[in-house]
Amino acid sequence: MYNRRCARYPVHFQSTLSTAQLPEGNGTAVELSIRGCRVRSFIPVIPGLRMKISIDIRTPDVVIEVDQAVVRWVSGEHFGLEFASITPEQFERLTAVIQQLPAVPNRG
């Protein structure tokens with residue numbers, strides 16, 4: 001499993017995922033960190049797959065758009081994404097959201 005280096009936070013944010021092969025799929029971000037997220041989805045993914053993810057924060061006009069995320073691990077209907085390319089504006093938005101969330105102790 002992917003070794004985490006950042007605090008992660010429990011969330012339940014609806015997300016839209018897309019790859020070159022899959023124009024659009026849905027999922028739920030269930031953990032969020034400054035470097036990535038854990039997603040629950042039934043779309044088929046494999047480690048190394050690159051995708052775009054839009055995370056709806058449930059606040060009017062707040063959606064985090066990550067231009068490129070890489071699947072790092074897969075376990076059943078969950079997979080881990082590392083944010084590989086995010087604009088400075090979107091990174092600021094992500095940082096502001098994370099500063100308001102309670103941390104979960106790392107499990108490994």
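Mentor: Arg40 has His78 in strand 6 as its bridge partner. Before we go on, this is a predicted model, where local features need pLDDT of at least 70 and side-chain atom pairs count only at pLDDT 80 or more, while totals for chains, interfaces and linings use all residues. Residues are numbered from 1 along each chain as its sequence is written, and side-chain values use heavy atoms, with hydrogens and water left out.

Trainee: How do you know that strand 3 and strand 6 pair?
Mentor: Two strands pair if DSSP finds at least two bridges between them (strands are DSSP runs of E, at least two residues; helices are runs of H or I, at least four). Strand 3 and strand 6 have five bridges, in the antiparallel sense, so they meet the definition of a pair.

Trainee: What makes Gln90 one of the buried residues of helix 1?
Mentor: Buried means under 20% relative accessible area, exposed over 50%, partly exposed in between (1.4 Å probe, protein chains only). Gln90 is listed as buried with Leu94, Val97 and Ile98.

Trainee: Why are the buried residues of helix 1 said to line one face?
Mentor: They fall within an arc of 95° seen down the axis, so they line one face of the helix. The arc is that of the directions from the helix axis to the C-beta atoms. The face turned away carries the exposed residues Pro88, Glu89 and Glu92.

Trainee: What do the buried residues of helix 1 pack against?
Mentor: Their partners include strand 1, strand 2 and strand 4. Contact means heavy atoms within 4.5 Å.
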